[in-house]
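Good morning, and thank you for coming.

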Amino acid sequence: AGAPQLKPKLLRFVIDCSGSMYYFNGHDRRLERTLQTAVMIFEAFAGFEHKYRYSMVAHSGDTPCAPLVEYGLPPPNEKERLKIVRRMAAHTQFCSSGDHTLEATREAIDEASRHLENVDEAFVFVLSDANLERYGIRPAELAEALTSNPKVHAHACFLASLGGAAERLKEALPAGRASVCLDASELPKAFRAMLTASALRDDES
């Protein structure tokens, strides 16, 4: 802590583009929040490529990893950002039902771990609508996935909560590993909290 950052921080955003995002958008605007989050990420890191390298993938019933943004190739302008956002929205509308959250989390952490020698720290943010109970996914399984590599800081952000599902998941996961962000404006606070928590853990170790 306090030392100059000599290498970029690596961030991988794993974004829920499942059918439930489209289906329940009329109920709680979860898809709109997700798309707003993507735009927020594009804008937040523009001009800071020397300090942060990020990638973005989607997960859904079709796949645990649909590439959206590759490392070092962020969308350079509003037109390219709009293309990605439209692709995400279309994916939610036409993908199959199902859930690949666990596989998406494990794959993202495994992928991020391959870059550890070349980065200052590696982070994985899994964005989900918390619709895991429907597919029989237990909190213990998600906890295992999020902590599968101690050198990669992984965090789940739940963007929707039907019947308190997101709050139950957060309570069941290890402390500091999950946030409930029912408003896109809450996400920067969650990201900052995780970055700070990782620095404190490193300070204590």
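First, the ground rules. This is a predicted model, in which local features need pLDDT of at least 70 and side-chain atom pairs count only at pLDDT 80 or more, while totals for chains, interfaces and linings use all residues. Residues are numbered from 1 along each chain as its sequence is written, and side-chain values use heavy atoms, with hydrogens and water left out.

Let us begin with the sheet. Helices (H or I, at least four residues) and strands (E, at least two) are DSSP runs, numbered from the N terminus. Two strands are said to pair if DSSP finds at least two bridges between them. Strands of a sheet pair through backbone hydrogen bonds, either parallel or antiparallel. Here, 6 strands form an open sheet with mixed pairing, in the order 3-2-1-4-5-6. Strand 3 and strand 6 (178-180) are at the edges with a single partner strand each, so one side of each has no neighbour in the sheet. From one strand to the next, the twist averages 20°; angles run from 0 to 180 degrees between N-to-C directions, and axes are lines fitted to C-alpha atoms, for helices over the stretch in contact.

Which strands pair with strand 1? Strand 2 (residues 52-59) runs parallel to strand 1 and is joined to it by 8 bridges. Strand 4 (residues 122-128) also pairs with strand 1 in the parallel sense, over 6 bridges. L11 has Y54 as its bridge partner in strand 2 and F123 as its bridge partner in strand 4.

Is strand 1 buried or exposed? Of its 8 residues, 8 are buried, where buried means under 20% relative accessible area, exposed over 50%, and partly exposed in between, with a 1.4 Å probe and protein chains only. Both faces are covered: one side has K9, L11, F13 and I15, and the other has L10, R12, V14 and D16.

Strand 2 and strand 3 pair in the antiparallel sense over 3 bridges, and M56 has V69 as its partner in strand 3. Helix 4 lies across strand 1 and strand 3, at about 155° to strand 3.

Finally, consider L73, which sits in the loop between strand 3 (66-69) and helix 4 (78-94). L73 is exposed, because its relative accessible area is 62%.

Technical notes: Contact means heavy atoms within 4.5 Å.
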